[in-house]
Amino acid sequence: MTLEDETGMANLVIFPDTFRRYRVALCDSIFVFVRAKVQHAEGITHPAVESAENLGWYGEIPELARTFH
């Protein structure tokens, strides 16, 4: 899964046990909210997904902070 914002793109790391636990949200959601820890290995940085939640359709998304500074 790829995450993108105005600074660029990053690949989300989803380990098998996390994928099994959150499979429905990760596979069936149009918009998905993930919590992740930043993982550094061999000079590469990736967010490692810890949880995922289906946010539903655009009109149903709660107002979230959008601070990119």
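This report describes the fold, the confidence and a few selected residues of a predicted protein model.

## Basis and confidence

The structure is a predicted model, in which local features need a pLDDT of at least 70 and side-chain atom pairs count only at pLDDT 80 or more, whereas totals for chains, interfaces and linings use all residues. Residues are numbered from 1 along each chain as its sequence is written, and side-chain values use heavy atoms, with hydrogens and water left out.

The average pLDDT of the protein chain, that is, the predictor's confidence in each residue on a scale from 0 to 100, is 84, and 81% of the residues score at least 70. Confidence is lowest in strand 1, with a mean of 82, and highest in helix 1 (residues 16-21), with 96. Where pLDDT is low, the predicted coordinates should not be read in detail.

## Overall architecture

The protein chain holds two helices and four strands, where helices (H or I, at least four residues) and strands (E, at least two) are DSSP runs numbered from the N terminus. Read from the N terminus, the elements follow the order β-β-α-α-β-β.

Of the 69 residues, 17% count as buried, a class that means under 20% relative accessible area, with exposed meaning over 50% and partly exposed in between (1.4 Å probe, protein chains only). The chain exposes about 5,700 Å², of which carbon and sulfur atoms supply 54%; these areas come from the Shrake-Rupley method with a 1.4 Å probe, and for residues only the protein chains shown count as cover. Among contacts (heavy atoms within 4.5 Å) between residues at least 6 apart in sequence, 41% join residues at least 24 apart.

## The N-terminal hairpin

Strand 1 (residues 2-5) pairs with strand 2 (residues 8-11) in the antiparallel sense over four bridges, and two strands are said to pair if DSSP finds at least two bridges between them. The two strands form a hairpin with two residues between them, and within this pairing Glu4 has Met9 of strand 2 as its bridge partner.

Ser29 lies in the loop between helix 2 (23-28) and strand 3 (31-41), and it counts as buried because its relative accessibility is 17%. A polar atom of its side chain lies 2.6 Å from the backbone oxygen of Ala25.

The side chain of Ser29 also makes a polar contact with the side chain of Asn54, at 3.4 Å; such a contact is a pair of N or O atoms within 3.5 Å, where within protein one must be able to donate a hydrogen and the other to accept it, and residues adjacent in sequence count only if both atoms are side-chain atoms. Leaving aside neighbours within four places in sequence, Ser29 is in contact with Val24 and Asn54.

## Around Glu50

The side chains of Glu50 and Lys37 meet in a salt bridge (3.9 Å, N to O), defined as a side-chain nitrogen of Lys or Arg within 4 Å of a carboxyl oxygen of Asp or Glu. Glu50 lies in strand 4 (residues 44-56) and Lys37 in strand 3, so the pair ties together parts that are 13 residues apart in sequence. Glu50 is partly exposed at 40% relative accessible area, while Lys37 is exposed at 55%.

Beyond its neighbours within four places in sequence, Arg35 is in contact with Ala48, Val49, Glu50 and Ser51. Thr18 of helix 1, buried at 7% relative accessibility, is likewise in contact with Val49 and Glu50, again leaving aside neighbours within four places in sequence.
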